[in-house]
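Dear colleague,

Please find the structure we discussed below. My notes on it follow directly after.

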Amino acid sequence: MNIPFLGNRRQKAGVPGPEGIAELLAECELLRSQADRAGVRLDDSPASLEALDQLVPRWRDDEESSAWLGNDAGLYLGTVLVRTVPGAAWEIRADGQPVVRLTSGREFDVVDAGHEWAANGVPELSQLYAEVAEA
């Protein structure tokens, strides 16, 4: 049914394209909220990763928050990589895990890296970015 004043309500079912996936993965609500409260501006730049590395890790006291924040931190790291490293792109593995693939074919599990950062603070997000960006 197509009612003109409602517009065409039928949407194609399926997976969003690469730009849509990139936008979804870039949301990182919890991380952006924590950063904003700490006065850190997340502008998808490598410098913002350095600023995140300087945050006091209060989230480590709350296991649930730490897990969510780790996920967001990994997705944010991936977002910075995809937006600043030529040829880097998001890919969703068969197991549903989002990874960043470089033009060399190397795959980087940013979510796992984000969880390590949230739990231990090392390796730092800016350090991970530098290692991947130079590869």
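I begin with Thr103, which is exposed because its relative accessible area is 68% (buried means under 20% relative accessible area, exposed over 50%, and partly exposed in between, with a 1.4 Å probe and protein chains only). Please note that this is a predicted model, in which local features need pLDDT of at least 70 and side-chain atom pairs count only at pLDDT 80 or more, while totals for chains, interfaces and linings use all residues. Residues are numbered from 1 along each chain as its sequence is written, and side-chain values use heavy atoms, with hydrogens and water left out.

Thr103 lies in the loop between strand S2 (98-101) and strand S3 (107-108). Helices (H or I, at least four residues) and strands (E, at least two) are DSSP runs, numbered from the N terminus. Not counting residues up to four places away in sequence, Thr103 touches Pro86 and Gly87; contact here means heavy atoms within 4.5 Å.

Strand S3 itself contains Phe108. With a relative accessible area of 12%, Phe108 is buried. Apart from neighbours within four places in sequence, Phe108 is in contact with Leu77, Leu81, Val99, Val100, Ala113, Leu128 and Val132. Phe108 and Gly78 are 30 residues apart in sequence, yet their C-alpha atoms are 8.6 Å apart.

The largest nonpolar core has 34 residues, of which Leu52, Leu77 and Leu81 touch the most other members. A nonpolar core is a set of buried Ala, Val, Leu, Ile, Met, Phe, Trp, Tyr and Cys residues joined through side-chain atoms within 4.5 Å. At least two residues of this core come from each of helix H1 (18-25), H2, H3, helix H4 (63-84), helix H5 (110-120) and helix H6 (125-134). H4 gives the most, with seven residues. Leu52 contacts Leu31, Ala35, Val40, Leu42, Tyr76, Trp117 and Leu125, leaving aside its neighbours within four places in sequence.

Finally, Asp44 sits in the loop between helix H2 (29-37) and helix H3 (46-53). Asp44 counts as buried because its relative accessibility is 15%. The side chains of Asp44 and Arg32 are joined by a polar contact of 3.3 Å (a pair of N or O atoms within 3.5 Å; within protein, one must be able to donate a hydrogen and the other to accept it, and residues adjacent in sequence count only if both atoms are side-chain atoms). Beyond four places in sequence, Asp44 touches Arg32, Tyr76, Thr79, Val80, Arg83 and Thr84.

Yours sincerely
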